[in-house]
Structures are given as structure tokens and as C-alpha cells.
Amino acid sequence: MGQAICRQLRADGFHVFGLDLNEEGLGEMATELGSDFTPICVDLTDPIAIAHTLNGIRSEYCGLNALVNNAGTQSAQSFAGEITKLTIVELRRCRRHAAQNANRFHRLSSPVA
């Protein structure tokens, strides 16, 4: 989902900062989208790393115009099958993942606001 958002924002003329832990994926996006895409490898579960990254963007680019926060969204690959067929262990893992994602949204959005 994040890659599609980045592609659309670039197509609309925005300079895009892509933040992810996946350095390889960021490199692929940088190759595809060119110089108006800035890949930033950062752990979005680390509040200090987030603050450092956002401060760097603010100082170098005078801030942000928009934030699309889809960090840690659940992917279809996380499910072994239909939700009705998940085991209790898999359901608990999904619940834990959802709770962690709620914290990630807050950690990234709050310093930008």
C-alpha cells in the first residue's frame, strides 16, 4: 500500500519521503521514482529515531506539507488463510500486531502535528 501511495504522490508532483525499515524496498522505490523520492531507512517503533528523522527533514526541507501514515499496516501475507480458519495463536498474534500498529501511528503522527 505504501508503494502505491508513493507512486501516486510522485505522479501528482510531490517530493516524497519514504520511511521504512526495508532498505532493499526503499532502494527499489528510489530507482523507480527518481530524485524526488527520498528513501529513509528508520525503525518506526523507535521514538528517538523518528524524532531524529523528522528533525532532519524539517531542517533540510523546511518541514512537511502532508503525512500519509500507513506504517505497519497488516498485509494479506500475514494470514495463513481465511480469518475463520485462524488458530487462537494466530488470532492473538494479529491482535498484538494491531495494538503495536496503533502505537506506531501515534509515534509518527504526534511529532509532525
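Buried means under 20% relative accessible area, exposed means over 50%, and partly exposed lies in between (1.4 Å probe, protein chains only). This is a predicted model, where local features need pLDDT of at least 70, side-chain atom pairs count only at pLDDT 80 or more, and totals for chains, interfaces and linings use all residues. Residues are numbered from 1 along each chain as its sequence is written, and side-chain values use heavy atoms, with hydrogens and water left out.

**Exercise 1.** Find where leucine 44 sits and decide whether leucine 44 is buried or exposed.

*Solution.* Start with the location: leucine 44 belongs to the loop between strand 2 and helix 3 (47–61). Helices (H or I, at least four residues) and strands (E, at least two) are DSSP runs, numbered from the N terminus. Next, check the accessibility: leucine 44 has 12% relative accessibility, so leucine 44 counts as buried. Finally, look at leucine 21: 23 residues separate it from leucine 44 in sequence, yet the two are 7.6 Å apart in space, C-alpha to C-alpha.

**Exercise 2.** Work out how helix 1 and helix 2 pack, and which residues meet.

*Solution.* Take the geometry to begin with: helix 1 (residues 2–11) and helix 2 (residues 23–33) have axes 11 Å apart, at an angle of about 25°. Axes here are lines fitted to C-alpha atoms, for helices over the stretch in contact, with angles from 0 to 180 degrees between N-to-C directions. The two helices are therefore roughly parallel to each other (angles under 35 degrees). Now pick out the contacts (heavy atoms within 4.5 Å): from helix 1, Gln3, Cys6, Arg7 and Arg10 meet Met29, Glu32 and Leu33 of helix 2.

**Exercise 3.** Sort helix 2 into its buried and exposed residues, then say what the buried ones pack against.

*Solution.* Buried in helix 2 are Gly25, Leu26, Met29 and Leu33. Down the axis of helix 2, its buried residues fall within an arc of 100°, so they line one face of the helix (the arc is that of the directions from the helix axis to the C-beta atoms). On the other side of helix 2 you'll find Glu23, Glu24 and Thr31 exposed. As for partners, the buried residues of helix 2 pack against helix 1, strand 1 (16–20) and strand 2 (37–41).

Conventions:
Angles under 35 degrees count as roughly parallel, over 145 as roughly antiparallel, 65 to 115 as roughly perpendicular and the rest as oblique.
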